[in-house]
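Could you walk me through this model in my viewer? I would like to know what to select at each stop and what is there.

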Amino acid sequence: MWELMAIPVLTSAAALWFGRNTSSEEHRIVQQTFEHYHIHVKDGKNNRYPQLVREYKSTKRIKLIYRTPLALEEKTLRTLQQVLSVTLDQEVNVSFKKWLIIEILKNKMPSYVSYGEVPYRKGWMVPLGKNRQGWHFHHFDHTPHTTISGTTRFGKTVMMKVMMTYLIEHHPWDAQFVIIDLKGGLEFNRYQNLQQVKRIASDPIEALYALKQVQKNMKERMDRFKRQGWSNIVDTPLSQRLFVLIDEAAQLTPEKFMEKEEKKTLAQCQSILSEIARLGGALGVRLVYGTQYPTSNVLNGSIKQNADLKVSFRLGSDYASKVAIDAYGAETLPSDIKGRALIKTHEVKEVQVPYLNHEEIWKRIGGYEVAKQTVVPNETGEDYVRLG
Ligand SMILES: Nc1ncnc2c1ncn2[C@@H]1O[C@H](COP(=O)(O)OP(=O)(O)OP(=O)(O)O)[C@@H](O)[C@H]1O
């Protein structure tokens, strides 16, 4: 039985018993962890800790094999894995099959990756980032909506621009964008010249107009799907996809102190966004919903439930992390590394998001800039994009 005790570990005894060199730094840390987390069994007055029986080292990994008198519970294995990963700052796998096996992989988590290194992927894919296992991508046709949370200046906007650039580079004729940039319209100003960008809204009134157009288009599309007997865009010949990007969704949340009219506008925006989240996926509309303030008001139920990819950069509290990605962890992301994020689908992974600066973005997609006429919003929506 594993129980709480704090007695020094018999490092040298284990070494002598098995006649191995057990002085490796990793083994020492593992032993300290056994001690600290009281991973031992009682044997009369003594505590018996797992004993090292083999240590394999290569340039890529270290494998430590321990003998233990009793099997370790799943919970204990998980704790060991988490503590050792953080302590060693390396990927660690812990398993038990007759022996306790601790494998330490030496690949380092990158603290910076450039967009230029991102490999090519076919389909409606975008890069999320790289970690010790390699690159991780998101497939917008499999999971249409995503939320991106994170405290200011950790990389939300850069990630949206990475997604946009990758989509435009790989689908220049089929990717379409509606951008709701509520940070004063500064971040995406130049993007309005891109042929793929159908509308940029920079305040709540423009946002409502843009969202109404998306809603209208979804309705037309729904009618067409019904006529054709289609149920999901991925099974149709339609090649275009419409991405609705929202940079600072908190600005679309009604607050008590606001005037009645303003609250009404924002409530309408929220209602259309929920509709897009519920119905848009099957119709080819993809939502990328970014916010600094992951609260239950900003990330409302419909959006959260329908966003099966949740991304979070560093957040201020474990509570915020739980709201943002349904898991703790974003609060412990390094505070000195920009672009470090957790991605949550069925499991949580840590990645380093690729970086792309302004100059490189325009080198890559500037060729798609066209002279556009300013379109005055009108009720007919005739200025609006037709999908497919
Ligand atoms: N993936 C990345 N790799 C390296 N540096 C990055 C990365 N993403 C962002 N940065 C750095 O962090 C800065 C802030 O990034 P960004 O504008 O995306 O933050 P933000 O989370 O959108 O902030 P805010 O919410 O205040 O708008 C960038 O100007 C850049 O210097």
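Start by selecting Gly-155, which sits in the loop between β9 (146-149) and α4; helices (H or I, at least four residues) and strands (E, at least two) are DSSP runs numbered from the N terminus. Residues are numbered from 1 along each chain as its sequence is written. This is a predicted model, where local features need pLDDT of at least 70, side-chain atom pairs count only at pLDDT 80 or more, and totals for chains, interfaces and linings use all residues.

Is Gly-155 buried or exposed? Gly-155 is buried, because 22 other C-beta atoms lie within 10 Å (buried means 20 or more, exposed 12 or fewer, partly exposed in between, with C-beta atoms placed from the backbone). Leaving out neighbours within four places in sequence, its contacts (C-beta atoms, placed from the backbone, within 7 Å) include Phe-313, Lys-338 and Gly-339.

**Stop two: into the helix**

Now pick Thr-157, in helix α4. Thr-157 counts as partly exposed, because it has 19 C-beta neighbours inside 10 Å. Not counting residues up to four places away in sequence, Thr-157 touches Glu-187 and Asp-247.

**Stop three: the ligand**

Show the ligand and the 15 residues around it; Thr-152, Gly-155, Thr-157, Gly-339 and Tyr-355 come nearest (a residue is near if its C-beta atom, placed from the backbone, lies within 6 Å).

**Stop four: the core**

Finally, select Met-163 and Val-288, which are among the residues touching the most other members of the 74-residue largest nonpolar core (buried Ala, Val, Leu, Ile, Met, Phe, Trp, Tyr and Cys joined through C-beta atoms within 7 Å). Helix α4 (residues 156-170) gives the most to this core, with nine residues.

Key. Contact = placed C-beta atoms within 7 Å.
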